[in-house]
Amino acid sequence: MTNIVLQTKDLTKVFGSHKAVDSVNITAYEGEVFGFLGPNGAGKTTTLGMALGLIHPTSGEVSVLGEQVTPNHTHALKNVGALLGAPAFVPYLSAWDNLELVAHLTPGVDKKRIAEVLELVGLTDAARRRVGKFSTGMKQRVGLAMALVHRPQFVILDEPTNGLDPAGMREIRQLLRSLVGNGTSVLLSSHLLNEVQQVCDRIAVLNKGRVVAQGRVDDLLNAQKPTVRLTVSAPSEAAQLLRALPGVEDVHPNGAGSLIVTGVDSQTVMNHLIHNNIIPTEIISQKSDLESLFMDVTNAN
Ligand SMILES: Nc1ncnc2c1ncn2[C@@H]1O[C@H](COP(=O)(O)OP(=O)(O)OP(=O)(O)O)[C@@H](O)[C@H]1O
Ligand SMILES: [Mg+2]
């Protein structure tokens, strides 16, 4: 059976009268990149703050690597690496010296490991430069290096690609996959859907403090309603015909002569139109992606 690296049970956090995290149940497994998605203010950072023993839950529980975590009980976190908010480095020290500081506090981290982890995050050439002078993306990499230097079993990264350019983001995605390949499990929070779709095995989508979708990315996408875009010379007539077709959930105009149909596949749309002597000039099955899933589950709630 696959081990669980993070699990919450009805985890809730109330700030004043505001439920920032509302009965959240999520499970992340060993050997996967788990994506934690949600719009701004959804409660991602608050949830991760509770998982890292930084915030007291109002009710419910969170366990990491099989052990419950509270601000008074953080034993499990010695095998966890985290990047939450701005990385905590000393700005007037170099990247190398910042990692040496961490190494002093951590058994088993030697100079070889520091060099290795700087290489891993792409900072070898800049290792001896002061971190305070780094670009945002480079500072983010220092934070990642600090989170990884003690070879954690599980890393929790809250928006780790903040401030990175597309090439930097791709490098981080590759880094996350290689971590998983080497046996580290990853929880990645992000609002960048494309990034999550490319790197995550499973996801949970949070909206207004509640989990609105959770599962394998493939399964969630396959469960999406089929969507077809077509162009016809008589769109209002075609729309009327399609609205009467069993299975069709919605038909709406999408610019001149173009319609978007949801609920049935392109072949069904095509057959119905041809049967009624309307020949579309163009018909395209729209691939469901995480963006449409995200809009669906966050708008519906
Ligand atoms: N210490 C606090 N006191 C009061 N309200 C808070 C506190 N921390 C967070 N909140 C509120 O809780 C809600 C969830 O915030 P949180 O930072 O967890 O969201 P998020 O999903 O991480 O958003 P983002 O994508 O913007 O980082 C927000 O409405 C926020 O204003
Ligand atoms: Mg946040």
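The model is predicted: local features need pLDDT of at least 70, side-chain atom pairs count only at pLDDT 80 or more, and totals for chains, interfaces and linings use all residues. Residues are numbered from 1 along each chain as its sequence is written, while chains are lettered from A and ligands numbered from 1 in the order in which they are written.

The protein chain contains 10 helices and 15 strands. Helices (H or I, at least four residues) and strands (E, at least two) are DSSP runs, numbered from the N terminus. The C-alpha trace spans about 75 × 45 × 40 Å along its principal axes. Of its 301 residues, 36% count as buried. A residue is buried if 20 or more other C-beta atoms lie within 10 Å of its own, exposed if 12 or fewer, and partly exposed in between, with C-beta atoms placed from the backbone. Among contacts with a separation of 6 or more, 68% are between residues 24 or more positions apart. Two residues are in contact if their C-beta atoms, placed from the backbone, lie within 7 Å.

Strand β1 covers residues 4-15 and pairs in the antiparallel sense with β3, residues 27-29, over 3 bridges. Two strands pair if DSSP finds at least two bridges between them. In β3, Y29 is the bridge partner of I4. β1 is also joined to β5, residues 59-64, by 5 bridges, and these two strands run antiparallel. A further antiparallel pairing, over 4 bridges, links β1 to β2, residues 18-24. There V14 stands opposite K19. The hairpin of β1 and β2 has 2 residues between the strands, and G16 takes a positive phi near 65 degrees in it.

Strand β9, residues 185-190, is mostly covered, with 6 of its 6 residues buried. In a regular strand the side chains alternate between the two faces of the sheet. In β9, S185, L187 and S189 point one way and V186, L188 and S190 the other way, and all are buried. Two parallel partners can be followed from here. β4, residues 33-37, is joined to β9 by 5 bridges, and G35 has L188 as its bridge partner. β8, residues 154-158, pairs with β9 over 5 bridges, with I156 opposite L187. From β8 the chain crosses through helix α5, residues 166-181, to β9, and this β-α-β crossover is right-handed. The term means that, with the strands pointing away from the viewer, the path from the first strand over the helix to the second runs clockwise.

R173 lies in helix α5. R173 counts as partly exposed because it has 19 C-beta neighbours inside 10 Å. Leaving aside neighbours within four places in sequence, R173 is in contact with E195, Q198 and V199. The C-alpha atoms of R173 and E195, 22 residues apart along the chain, are separated by 7.7 Å.

The largest nonpolar core has 65 residues, and those with the most contacts inside it are V64, L99, L118, A145, L187 and L188. A nonpolar core is a set of buried Ala, Val, Leu, Ile, Met, Phe, Trp, Tyr and Cys residues joined through C-beta atoms within 7 Å. Helix α4, residues 136-148, gives the most to this core, with 7 residues. A second, separate core of 11 residues includes A238, L242, L259 and V261. Not counting residues up to four places away in sequence, V64 touches V5, L6, A51, V69, A76, L77, V80 and F154.

V211 is found in strand β11, residues 210-216. V211 is buried because 24 other C-beta atoms lie within 10 Å. The C-alpha atoms of V211 and V24 are separated by 6.1 Å, although the two are 187 residues apart along the chain.

The last stop is ligand 1, which is surrounded by F15, A20, G38, N40, G41, A42, G43, K44, T45, T46 and H191. A residue is near a molecule if its C-beta atom, placed from the backbone, lies within 6 Å of it. Helix α1, residues 44-51, gives the most to this shell, with 3 residues. By class, the shell has 3 nonpolar, 7 polar and 1 charged residues. Ala, Val, Leu, Ile, Met, Phe, Trp, Tyr, Cys and Pro count as nonpolar, Asp, Glu, Lys and Arg as charged, and the others, Gly among them, as polar.
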